[in-house]
Amino acid sequence: MHQVYLIHGVPVYTRPLPSGDMAVWHPYNEGIREIVEPICRGCGYWQAEFKNWVIKQPNVVRVRSELAACGLLVRMDLP
């Protein structure tokens, strides 16, 4: 499911990928990058072409939980 977290007023978007992995993207914001990058690093890889993180399936729940702890889940869409 697509989820949007609001962290310090900046939306952080997650969406499932067909592989079971999850993409994490946010608009350019250095402060948010300093929060999101440590959460994602080691749980997947940076995909420079799309400027987003790809979180491997075994880490999806943990990354979602850590994003929620940093902000507010403001939208959740069904697949």
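The largest pocket is lined by 14 residues, and those nearest its centre are His-26, Tyr-28, Arg-33, Trp-46 and Lys-51. The structure is a predicted model, in which local features need pLDDT of at least 70 and side-chain atom pairs count only at pLDDT 80 or more, whereas totals for chains, interfaces and linings use all residues. Residues are numbered from 1 along each chain as its sequence is written, and side-chain values use heavy atoms, with hydrogens and water left out.

A pocket is here an open set of points on a 1 Å grid over the protein atoms alone, where a 1.4 Å probe fits and protein lies on both sides within 12 Å along at least five of seven lines, and lining residues have an atom within 4 Å of a point. The space in the largest pocket is about 280 Å³, a volume being the space filled by probe spheres set on the points. At least two lining residues come from each of β3 (22–25), α1 (30–40) and β5 (52–55), and α1 gives the most, with three; helices (H or I, at least four residues) and strands (E, at least two) are DSSP runs. The lining divides into seven nonpolar, three polar and four charged residues.

Six salt bridges are present, each defined as a side-chain nitrogen of Lys or Arg within 4 Å of a carboxyl oxygen of Asp or Glu. In one of them, the side chains of Lys-56 and Asp-21 meet at 3.1 Å, N to O. Because Lys-56 lies in the loop between β5 and α2 (60–70) and Asp-21 in the loop between β2 (10–16) and β3, this pair ties together parts that are 35 residues apart in sequence. Lys-56 is partly exposed, with a relative accessible area of 37%, whereas Asp-21 is buried at 8% (buried is under 20%, exposed over 50% and partly exposed in between, with a 1.4 Å probe and protein chains only).

Arg-33, one of the residues nearest the centre of the largest pocket, forms a salt bridge with Glu-37, in which the closest N and O atoms are 2.3 Å apart. Both residues lie in helix α1, four residues apart, about one turn of the helix; Arg-33 is partly exposed at 31%, while Glu-37 is buried at 18%.

The structure holds zero disulfides, a disulfide being a pair of cysteine sulfur atoms within 2.5 Å. The sulfur of Cys-40 is 7.1 Å from the closest cysteine sulfur, that of Cys-43, which is too far for a bond. Cys-40 is buried, with a relative accessible area of 0%, and Cys-43 also counts as buried, at 1%.

Note on methods:
Nonpolar A, V, L, I, M, F, W, Y, C, P; charged D, E, K, R; others polar.
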